[in-house]
Amino acid sequence: MSIAEAADPKGSRVWNPLIEVGVLEEDKHMTVLIVFAALAISLAEGIPLGKQGQWKELAVMSTLLGMTILLAAGNYLGLPSPLSLLERLLEPIGKAIFK
Amino acid sequence: MPEKGIINTKQFVWMLFIIITTLAAMQIPSMLIMQAGRDAWLSVVSAWFLDVMLALVYAYMGIRFPGENFVQYSITILGKYLGRMVGILFPLFFLLVCSLMLQGLSQVVNTIFLPMTPFNVILVSSFLVSAFIGRKGLEVIARMTEVLGPLFFFSIVTVCCLVLPAVHMERLKPQLDEGIAPFLIGTPLMLTSFGVCIIMAMYIPLCNRPENGFLAKFSAVSMGALVVGLVTALSVGIFGIEDAQYMNSPGLQLAKMINFSNYLERVEMVWLLILVGSGIVASSSLLWAFGQGLAQIVGLKTYQPLIYPGALLSLVFCIGSFPSSLNQTNFFHYTFPIVAAFVETGLELFLFATALVLNKRGAA
Amino acid sequence: MRLFRSRKRKKAPKPELSQPLAAETDAKQENPPLNNSLAENLNTLQTMFANCTDFTYRELKIGLELVPVLLLYVNGITDEQTVNQNILKSLVNIRCSNLEISRSNNLEMIKNEFLEIGNITEISTIGEVTDAILTGSVVLLLEGTARALQIGTKGFVGRPISESVTEGVVRGPREGFTESLRTNTALLRRKIKTPNLKLEKFVLGRVTKTEVNIAYIEGISNTKVVDEVKKRISLIDVDSVLESAYIEEMIEDEAFTLFPQIDHSERPDKVAAGILQGQVAIFTDGTPFVLIVPTMMIQFLQSSEDYYDRSIYATSVRLVRFFFLNLALLLPALYIAITTFHRELLPTPLLISITAAREGAPFPTVIEVLMMEVTFEALREAGIRLPKPVGQAVSIVGGLVIGDAAVQASMVSPITVIIVALTGISSFGIPSYSFALAIRVLRFGMILLASTLGLYGILLGLLVMQAHLVSLRSFGVPFFAPLAPFNLRDAKDLVMRFPWWAMGERPRLIAKNNNNNTQRQKFFLKPAPPDENEQ
């Protein structure tokens, strides 16, 4: 019996809203989600920072979120991510050393 | 300093132990077995030795620059601009490790627990929880590891003891039949994942007894090496190298062997839950280290607003770079050791040498 | 370790209430001194207490000189017998002739020579007079003197000392606190007979003027904690304090949390034990519930009887309690997670019987469990609020509905009923009611998590909950201590309850003091038969 079958031998009684709604099936949906999350974080963390006048903190946080959105957009458009670039650069060395 | 909390030596040990072991216990054993065959456990031992040597350097630097972590003393040693450029590599490295760790854990959860749930749901929720914990600060993470760490350690040791009767010693023989090359090459593979405990340099200034840094690291690495060594040796002894090297997680397979008189057959789920819990806490301390390091480089008063953005960035790394579990394993196997060796050993030794040559010391 | 997290009070102090409360106008703003003329004083007070039927005054002329004297009090909160026997009688019986109106020491003379009452103070303003009257004293005004005597005659028929209802024990003292502050402090004083037991008075509430006492033992309690308690209490500025919960919510460390961070008890022995291990007790007039700070989470899971039973039994009871705490929190969630996502976790025979029992049930497990849980909560709530006879009817009907009819109609499976009932029983196993409330609420969160993410969801929920728990503090003491941060010495009274002869030290996290002396008793008190060689 495979794991999936073992988890649900009948196949009908499973009540899992996340499956049924069918959101988040592809990473492209994730990009939208990430942009929304970035906005939410910038509001939730940024407003108190602005109130306390911690502009430097706000700037660093916004930069981080901006980078995140750029990278997510890159993913959406199919550009290689920085880790993939790193991998392309270093993997040959690693493969030469390790089995 | 952005972080106001203070930890004690016991917490220091458990935090390091959890970070080392969750990263190493899941995926490393099979890679190591693939690399070094029956001698894999020797790689663990030699990596343990080298890592303790490395810890000496970190502990010494922690005392030479009292109250400073490596992000700060790289600025002290190399000056404002170069120091910052070098210093930012450490937080970024932690972020990378966090991505790897949560990706790996989420994959296991997806295969074992929730095969029908979309992978991203699991990934996002694990990031959310670890960011929540990380934002609460070092003291909270330390206290959580104090509860989870012993649980984790004893659960692994119990699993190992219970499967001990199934070991066939002849599968571990002969040792060193291909010379010492395989286990020597396996050593850096192991060392790089033990080496994540360079995070100790972030904790030393916040420990109530900074001089205990080496002791803490030594105990943590020894426990970690014991656990990983046991898992590696036992998987070879039980499954044989041919099977063990292609297993996704030999530790999990070991736990699967346990059943109580054919009645309770899936005890490994409980073990896995503890492992995943520890992994999430470990990645929250990695996120914390990222936030804290970045805040120190830029000179911020608080690091907490950076935790959620950091987690989001790490999540984007995961999604963009590891579309399948194979990518993550490959990255972990071939690319990560190079990066880790560069950051953990190269950078720190470079800083160490520069500090000696330029005769820089921290303000006492 | 930092002892206190800096408490963020409002940055700018809020502007004073621009329109003072009506009742306080007289007391605070117009607080003129007393007048020489008796009539004028009476006039002022009569306008002040207009429309107050319980306000009583009695004019009489005393001595051979017939000096006019005025007695003022509020009927019902003074002890009528004391007023008649000890005050009125002695005043009427004054027969000497030194009380001339012009003399200045008349008041002293009355106080020193004639009144048969212990507690007498001199006061001199209208405000003090009203305060005295309203707290049950008799005030004596004398013609020609701008001062008055406040005669302590507080007397009120309250509930007698009776057995505590909320914290019953099999073995241990039966008495419980009452609504009267003095009775309560007396109960405490009878247990701790040292002048080092300090009782400090605060008056809270602009309108209710509730007396609040904090009790601690000097030399045992942590002075920093005592100072912090005083500071936090003195920052309270409200119009009313009717129960100690009012104070609790205003002095706790973290406002937005389900978990109580301050323990309360109506048992004198529990409060005394707390004070003796270095805690500070806060008594509030008008309620039998006394607050105990600082509190660690583990104390909500200990009952005072643990210390009266044999230690091994107490330890095993505690183990059972921890087990039931986990059941109360997790059982329905585990049931849902396992039957929905991880059926392979169950042994096959059990899985078969569960599946058979669920045959024909129309709802998914989550809905079933939620329905039954909500019904159970409703029943419990109804059982508490309704008058007793009706309450019984409700529980019978409810029990039938839950237990039988729902299963008969195959609305829910019998297993769900078992699970919900077991959960309910488990939640009664938690000694602290207020802590059990938190668990009750969290249980629903766990159910929702389990229904979406299975065991993994439960794990996430537990992690978040634990992160929250370890981040809490109660007056500077980590809430999750002595488990995290771990303290081996304090762990003597964590899950294990060591015998009394082995608990040589007070908990260090609570009683850590300036002199760092936490020794409670002589060491090596373990009883043993006399050594036979030593004769």
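Two residues are in contact if their C-beta atoms, placed from the backbone, lie within 7 Å. The model discussed here is predicted. By that criterion, 23 residues of chain C are in contact with 27 residues of chain B. On the chain C side, the touching residues divide into 18 nonpolar, four polar and one charged.

Chain B itself is helical. Its secondary structure comes to 14 helices and zero strands. Its radius of gyration is 20 Å, close to the 21 Å that the globule rule gives for 364 residues, so chain B is as compact as a globular protein of that length. The table lists further values for this chain.

| Property of chain B | Value |
|---|---|
| Box filled by the C-alpha atoms, along the principal axes | roughly 60 × 45 × 35 Å |
| Residues that count as buried, of 364 | 64% |
| Share of contacts with a separation of 6 or more that join residues 24 or more positions apart | 83% |

Next, the nonpolar cores. The largest has 247 residues, and B:L16, B:I20, B:C197 and C:I458 touch the most other members. Helix α1 (residues 9-36) of chain B gives this core its largest share, 18 residues. Chain C contributes too: domain 2 (181-295) and domain 3 (311-477) each supply at least three residues. A second, separate core holds 24 residues, among them C:V69, C:I110, C:V129 and C:L149.

Which residues does B:I20 touch, not counting residues up to four places away in sequence? They are B:F194, B:V196, B:C197, B:A220, B:V221 and B:G224. One of these, B:C197, is also among the residues that touch the most other members of the largest core.

Methods:
Residues numbered from 1 in each chain as written. Chains lettered and ligands numbered in written order. Predicted model: local features only at pLDDT ≥ 70, side-chain atom pairs only at ≥ 80, totals over all residues. Nonpolar A, V, L, I, M, F, W, Y, C, P; charged D, E, K, R; others polar. Core = buried A, V, L, I, M, F, W, Y, C linked by C-beta atoms within 7 Å. Buried ≥ 20, exposed ≤ 12 C-beta atoms within 10 Å, placed from the backbone. Helix = DSSP H or I, 4+ residues; strand = E, 2+ residues; numbered from the N terminus. Domains from an automatic or database assignment. Rg over C-alpha atoms; globule rule 2.2 N^0.38 Å.
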